[in-house]
Amino acid sequence: MSEDRLSRLPDPVLWQVLSHAPAKEAVCTGALARPWRSLWLSSGVLNLDSRSYSADKLRCSRNLIFFRDANAALRTLAAAEGSYLRKLTFTYLAPNNDEAAYWLRRKIDDRLNALFSGAPAVRGLEELRVHVSPPECYSLRVAVLPSNALRALYLDGLLLTPPPDAHRPSFARLETLRLHLCVVRLTELQAIVDTAPLLAAVELDHVHFSNELASSSAQRRLCCPRVTALSLAKVGGLYRGFELDAPSLRRFAYRGFPLPFTLVSRPPASVERADLHFYLNFVPASDRRKHDVCMLFWQFVGGFGGAKVLNVSFEQPGGRRRAEQIKELNLRMMKRF
């Protein structure tokens with residue numbers, strides 16, 4: 001019989017290996033040898049991934065089996081003595097666009113929210129990553145998030161629904177927040193920030209702020225008193241303007257169209273780096289409109305005029321004709337820079 005060298009590796013090395021495996025495969029490693037039977041329970045990491053399940057099954061059966069196994073894994077972790085789940089990654093990818101049908105989305109929404117609200121194993125999570133696709137089809141209630149010990153929260157492709165005020169969670173230890181391809185109200189994002197006194201890094205990538213069409217400027221302001229690093233990329237729903245109150249800001253990155261932007265608390269000597277990348281995918285028809293775009297550009301850049309490092313770049317549309325049309329607008333913006 002050949003020597004089992006894999007089992008002779010120290011447990012921390014094996015835990016690192018299992019931390020990259022989907023839960024279905026990690027559990028199956030228990031059949032390799034007796035020491036492996038409970039190894040996945042003590043790794044501290046669980047990856048729930050629907051891609052581990054055959055796409056040949058009927059959609060309803062596939063969803064049922066995936067969520068059944070996910071709940072079973074979390075129950076096993078909660079019942080196992082000495083187990084501790086610090087990182088959970090949840091990935092659900094619909095096999096085709098037909099799965100975005102309304103009746104099936106509602107079932108998945110219920111199962112997804114029940115997964116986090118009814119599992120004792122997730123209460124001590126330090127890092128949570130949730131990725132669903134197609135984006136903006138599935139809802140997650142903020143109230144079901146395990147917020148007690150959470151330090152890093154990454155949400156991808158979700159519609160975030162606000163909780164009642166009486167059930168609003170507190171993110172007392174949250175340090176990093178990343179939203180990608182999500183839809184959320186700006187007021188709800190502000191509520192999360194307000195309950196996270198240790199929040200230092202925020203990244204909003206392809207996030208759309210819904211219901212932000214009111215005339216009140218308070219609804220278009222984001223106050224981040226402790227945030228030191230903020231990144232905004234193709235953020236939607238703020239075409240009427242956006243105010244940022246971040247007195248502790250050190251690093252700022254923006255990628256998108258020039259829009260009415262105001263840095264309320266200006267810390268010119270404290271901002272170490274600002275990277276501003278503007279899209280110019282249209283050509284203003286009139287000189288007045290070109291002037292307005294230039295003013296938006298200079299208002300945006302002017303807020304970071306005191307940064308130690310300021311990088312400004314443009315992305316132009318393809319095609320020689322449109323590039324020539326936009327050249328004049330570029331010159332107008334850059335001649336004072």
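Author: To begin with the classes used for linings, Ala, Val, Leu, Ile, Met, Phe, Trp, Tyr, Cys and Pro count as nonpolar, Asp, Glu, Lys and Arg as charged, and the others, Gly among them, as polar. This is a predicted model, in which local features need pLDDT of at least 70 and side-chain atom pairs count only at pLDDT 80 or more, while totals for chains, interfaces and linings use all residues. Residues are numbered from 1 along each chain as its sequence is written, and side-chain values use heavy atoms, with hydrogens and water left out.

The space is searched on a 1 Å grid over the protein atoms alone: a cavity is a set of points where a 1.4 Å probe fits but cannot get out, a pocket is an open set with protein on both sides within 12 Å along at least five of seven lines, and lining residues have an atom within 4 Å of a point. Grid points are joined across faces, edges and corners, and a volume is the space filled by probe spheres set on the points.

The second largest pocket holds about 180 Å³ of space, and among its 16 lining residues A23, V27, Y53, D69 and A73 lie nearest the centre. Helix 2, strand 1 and helix 3 (59-79) are the elements that each give two or more residues to this lining, helices (H or I, at least four residues) and strands (E, at least two) being DSSP runs numbered from the N terminus. Helix 3 gives the most, with 6 residues. By class, the pocket lining divides into 10 nonpolar, 3 polar and 3 charged residues.

A23 also belongs to the lining of the largest cavity, together with L18, A21, P22, A26, W40, S43, V45, L46 and N47. The elements that give two or more residues to the lining of this cavity are helix 2 (23-28) and strand 1 (45-49), with strand 1 supplying the largest share, 3 residues. The volume of this cavity is about 40 Å³, and its lining has 8 nonpolar, 2 polar and no charged residues.

On to strand 7 (residues 176-180), strand 5 makes another parallel pairing over 5 bridges, in which L153 has L177 as its bridge partner.

Strand 5 (residues 152-156) is mostly covered, since 5 of its 5 residues are buried, meaning under 20% relative accessible area, against over 50% for exposed and partly exposed in between (1.4 Å probe, protein chains only). In a regular strand the side chains alternate between the two faces of the sheet. In strand 5 both faces are covered, with A152, Y154 and D156 buried on one side and L153 and L155 buried on the other.

Methods: Pairing = 2+ DSSP bridges.
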